[in-house]
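Hello,

Here is the structure you are taking over. Please open it first, then read my notes below.

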Amino acid sequence: MPTTITKQIGKNIYLIDLETGGCKNFIGSYVIKTAKKTMLIETGPTNSIPNLLCGLAELKINLEDIDTVAVSHIHLDHSGGVGTLLKYLPNAKVLVHPRGAPHMVDPEKLWASSQSVLGFVSEVCGKPEPVAQNRITPMTEGIIDLGNGGKLTVFETLGHAPHNLGFHESFNKGIFTGDAAGYYVPEYNLVTPTSPPPFYLEASIASLDRLISYRPSVLYYTHFGKADDAIRRLRGYRAQLLMWNKIVQSAVEQNKNMEQVIECVIAEDPLMNALSEFLRGHKIYSKMAIENSINGFVEYAKKAQMKQSA
């Protein structure tokens, strides 16, 4: 039987460690449960659905009671398992950004793109199954009544992807960040960028400003877990993105190759330097948090160069 770690992390909030690819503290799915409502935030990928179901059973969640599955965006590691999971949730609708909805209905292009960008990580995640159109609730902004005096506020947090959503829950003043606020590595209590190509720096900064405007107390990272001191952390991540942009722009102007750019970022960003050994030794983060994230800034810098020379 799959092993799963579940724990309560706040009032009415539970975390399930999906242990995707055998990696603990990598992808989390969250449960919000009150007397009135049971919903999930993020499903993780297809291959992690057995672990998610095991976690729901551990929490004694009745699958028929789950009425909403909210996903931050449609990348495989966050929502690739939706189509598979819905087979077990007869009453659930999927809340997703309208730009992402068509790729849930027909995930073939998403799968092909994921294989190209993620390489072996796409196989670790597994191929997404289609979601019926009538089970999708597109949303960019709104408020969901959670019962017990609580509400979930839905809002756009673009940048990492042009269809990223954030979710603010009022019980604990926490925000489910998707990938708008980076990867949180609980072993080191540090954050590193989630910026795969195509990356949109201006939109990312605007999203962080919006996250800060909610004055959250805690952040719930899909990668991975609950982190306190939310505003300081968001401001720090904002500064880190601007630092990476400066480092990578300089390296690109000097015509450094990708390996050299990576070394520049690790050398000049103290947080990345502190995390580099861990990330390089992680079978998935080595691809996603180093190669893909820095490549997002490289492509952004090259586009900026082209605009200046045009």
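The largest cavity is lined by 13 residues, and Ser79, Gly80, His103, Met104 and Pro128 lie nearest its centre. A cavity here is a set of points on a 1 Å grid over the protein atoms alone where a 1.4 Å probe fits but cannot get out; lining residues have an atom within 4 Å of a point.

A word on the source: this is a predicted model, where local features need pLDDT of at least 70, side-chain atom pairs count only at pLDDT 80 or more, and totals for chains, interfaces and linings use all residues. Residues are numbered from 1 along each chain as its sequence is written, and side-chain values use heavy atoms, with hydrogens and water left out.

Back to the largest cavity. It holds about 80 Å³ of space, a volume being the space filled by probe spheres set on the grid points, which are joined across faces, edges and corners. Helix 3 (82-85) and helix 4 (101-105) each give at least two residues to its lining. Helices are DSSP runs (H or I, at least four residues) and strands likewise (E, at least two), numbered from the N terminus.

Now helix 10. Its buried residues (under 20% relative accessible area, 1.4 Å probe, protein chains only) are Met272, Leu275, Ser276 and Leu279. They sit on the same side of helix 10 because they cover an arc of only 150° around the axis, taken from the directions from the helix axis to the C-beta atoms. On the other side, Pro270, Glu277 and Gly281 are exposed, meaning over 50%.

Regards

Terms used. 1 Å grid on protein atoms, 1.4 Å probe; cavity = no way out; pocket = protein on both sides within 12 Å on 5 of 7 lines; lining within 4 Å.
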